[in-house]
Amino acid sequence: MASNSHQPIQGMSDIAFPDVALWQFIEQRAREIFARYRFSEVRTPVLEKLELFTHSLGDTTDVVTKEMYTLEDRGGRKFALRPEGTAGAIRYVASGGEETANARIFYIGPMFRCERPQAGRKRQFHQIGLEAVGAPNPLADAEVIALQVHLLAAWGLSGAKIRLNTIGLPEDRAAVVKGLREAIRPRLHELPEEAQQRFETNVLRLLDSKDEAVKKVIAGVPPVISFMSAESRAYLETVIATLRRLEIDVEVDPSLVRGLDYYVHTVWEVVHSGLGAQNALAGGGRYRINIGGREIDGVGFAMGVERVIASLEATGITATQFAPPPPVFIVSLGEAALNENLLLLQTLRQRGIACEMELAERKVQAQMRRANKCGAQHVIIRGDSELEKGIFVLKNMADGTQREVELPELMELLTH
RNA sequence: GUGGGUGUAGCUCAGUUGGUUAGAGCGCCAGAUUGUGAUUCUGGAUGUCGCGGGUUCAAAUCCCGUCACUCACCCCA
């Protein structure tokens, strides 16, 4: 591989044929489902003020402190390439673009995080996300999860699982942290040094640790909900009961935590076994974001398109299955026919038929090879002799048969 | 940011303890077939061996650096 100058920068990639067909399918299905659930699209800028993210995601979170691409303009104003979509979408809602009481919006687009790339992680990655704005209501959480399950099915993805938990109300946080510390403290010496530090700085993070020693200790710790208020517990119960009524299968996982500060109550993620270490293809949750002194509540999710694709591919679905339909190819022989065929080409395209032709005078053999390569099902052969007779030779590439037809019949055959 | 693996033709990859003209398959181009693809046969072209430096009579091969890809940690979609 001659690797250098004409490659995109690290962790970013060109998405082109044939892969792009799968991307288009995924986006198109998402738009269909979102429309059915009455969400409308918002396209916010990729660049936002830096404070938008530091304030909403939390200025001590990893995403904000070490993963954002930031820049300054000539006036010294600080901006960041969006690392996620919720902050921008909610900024839009707060700007008055939507009624904040019940805005329902979705977005599709690139996000940027300057991390070391690995399986399922790019520096420019793509998310399909959705936000249902409105006061906390467990039925809204369930509705959004139901939509997400519907979308997974519309993509034809099998084997995805939903893990769900609550992180409770902000008022519960102190009690949860205290409760966890008390439960873990007797076995603190069993934890590796790094985990012991985290015990002080962010106990919640210990819950989803991959370290075996930590897992062992965590297994003996009461679930986080046991430290929460009755209100938080009831909220989770209603979400679970509603999902059950909707026949949506979720696994309640007390160890699930989220890394962004804006989450309140319900959090969940969609995992798939075909993914490797980064096994979540989507993350979701209820949040409360303060923008310009205004508190906005909502529930939403973001799905990583690259990870959705990896999951689909793990189940045997490939991009070639979504390739565009086969074109018609026009073969010319002689200058006069070439010029006439150019008109035919344009006519066919205006009638809605995808077709292409060789624009230079080349041997029939070479043109046929090209026709075969582009996947043409039908080839129209028109040389100077057909031109004189006013006919077209229509060849079926699958069985090799061909027949002479006049224009009306040609159109008839190709439009069906 | 930390650690492991990998960079040889358009693609997938061989290349033996350093040894002279660096290979294969697929693809590509051409001919067999002077107006017919795919199949078959025959022939052909293509490499700064990722990049830079070093050791050596001699480096794709050994050493150092660097860049990229990849996997994992961290964290997340």
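Me: Is helix H10 (residues 305-314) largely enclosed by the rest of the structure or left exposed, and why?
Reply: In this predicted model, helix H10 is largely enclosed by the rest of the structure, because 7 of its 10 residues are buried.

Me: Which residue with a positive phi follows H10?
Reply: That residue is Gly316, which comes after H10 and has a phi near 95°.

Me: Switching topic, what is the strand order in the open sheet of 3 strands?
Reply: The order is E2-E4-E3, with antiparallel pairing. Strand E2 (47-49) and strand E3 (70-72) stand at the edges, and since each has a single partner strand, one side of each is left without a neighbour in the sheet. From one strand to the next, the twist averages 35°.

Me: How many bridges join E2 and E4?
Reply: E2 and strand E4, which covers residues 78-81, pair in the antiparallel sense over 3 bridges, and Glu48 stands opposite Ala80 in E4.

Me: Which helix packs on that sheet?
Reply: Helix H2 (residues 50-57) packs on the sheet and touches E2, E3 and E4, while the direction of H2 makes about 70° with that of E2.

Me: OK, now Leu348: which helix is it in?
Reply: Leu348 lies in helix H11, which spans residues 335-350.

Me: Buried or exposed?
Reply: Leu348 counts as buried because its relative accessibility is 0%, where the cut-off for buried is under 20%.

Me: What does Leu348 touch, leaving out residues up to four places away in sequence?
Reply: With those sequence neighbours not counted, Leu348 touches Ile330, Ile353, Cys355, Ile380, Met411 and Leu414. As for Val328, which is 20 residues from Leu348 along the chain, the C-alpha atoms of the two are separated by 9.1 Å.

Me: Last one, what are the domains of chain A, and what distance separates their centres?
Reply: The domain assignment gives domain 1 as 19-169 + 228-320 and domain 2 as 325-414, and the centres of domain 1 and domain 2, taken over C-alpha atoms, are separated by 49 Å.

Key:
Residues are numbered from 1 along each chain as its sequence is written. Chains are lettered from A and ligands numbered from 1 in the order in which they are written. This is a predicted model: local features need pLDDT of at least 70, side-chain atom pairs count only at pLDDT 80 or more; totals for chains, interfaces and linings use all residues. Side-chain values use heavy atoms; hydrogens and water are left out. Helices (H or I, at least four residues) and strands (E, at least two) are DSSP runs, numbered from the N terminus. Buried means under 20% relative accessible area, exposed over 50%, partly exposed in between (1.4 Å probe, protein chains only). Contact means heavy atoms within 4.5 Å. Two strands pair if DSSP finds at least two bridges between them. Axes are lines fitted to C-alpha atoms, for helices over the stretch in contact, and angles run from 0 to 180 degrees between N-to-C directions. Domain bounds come from an automatic or database domain assignment.
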